[in-house]
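Q: I have a model open and want to learn how to read it. Can you take me through the features one by one?

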Amino acid sequence: MLTGATIGAAIVLLVVLCEGFSGFLWQDTDAVPRFYCPTCDLRYTKFEVSGLTRVCPYRHSTTMPDGFQWKTAMVTACATFIVSGIVMVATGFVR
Ligand SMILES: [Zn+2]
């Protein structure tokens, strides 16, 4: 059962990674406004923000894309689950 769950987590991890690289499944393309400026109360695309600090056209600082964190958390959670699953099966802790 744990082996099956580990394989399932591996599949989820692959899907999330593929989505991250292609940006295709959920239309998470670069044209989607993702940089939020609290001062303007607007979202900007990566083409509208400028510089390493991602300032908006009115020189306010914007917050980082929020679509990124959950993806990282998902990958971390799946990777941790897979590794712990493999370790437990390999050591005979769980059959
Ligand atoms: Zn602004």
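**Reading the model**

Q: What share of contacts joins residues at least 24 apart?
A: Two residues are in contact if their C-beta atoms, placed from the backbone, lie within 7 Å. In this predicted model, 46% of the contacts between residues at least 6 apart in sequence join residues at least 24 apart. Numbering starts from 1 along each chain as its sequence is written. As the model is predicted, local features need pLDDT of at least 70, side-chain atom pairs count only at pLDDT 80 or more, and totals for chains, interfaces and linings use all residues.

Q: In what order do the elements run?
A: Helices (H or I, at least four residues) and strands (E, at least two) are DSSP runs, numbered from the N terminus. Here the order is α-β-β-α, with two helices and two strands.

Q: Where is confidence lowest, and where highest?
A: pLDDT is the predictor's confidence in each residue, from 0 to 100. H1 has the lowest mean, 73, and strand E2 (residues 42–44) the highest, 90. The protein averages 77, and 75% of the residues score at least 70. Where pLDDT is low, the predicted coordinates should not be read in detail.

Q: Is Asp-41 buried or exposed?
A: Count other C-beta atoms within 10 Å of the residue's own, placed from the backbone: 20 or more is buried, 12 or fewer exposed, in between partly exposed. Asp-41 is exposed because it has 7. Its place is the loop between strand E1 (35–37) and E2.

Q: And why is Gly-8 partly exposed?
A: Gly-8 is partly exposed because 14 other C-beta atoms lie within 10 Å. Gly-8 sits in helix H1 (residues 2–22). Gly-8 and Ile-82 are 74 residues apart in sequence, yet 9.1 Å apart in space, C-alpha to C-alpha.
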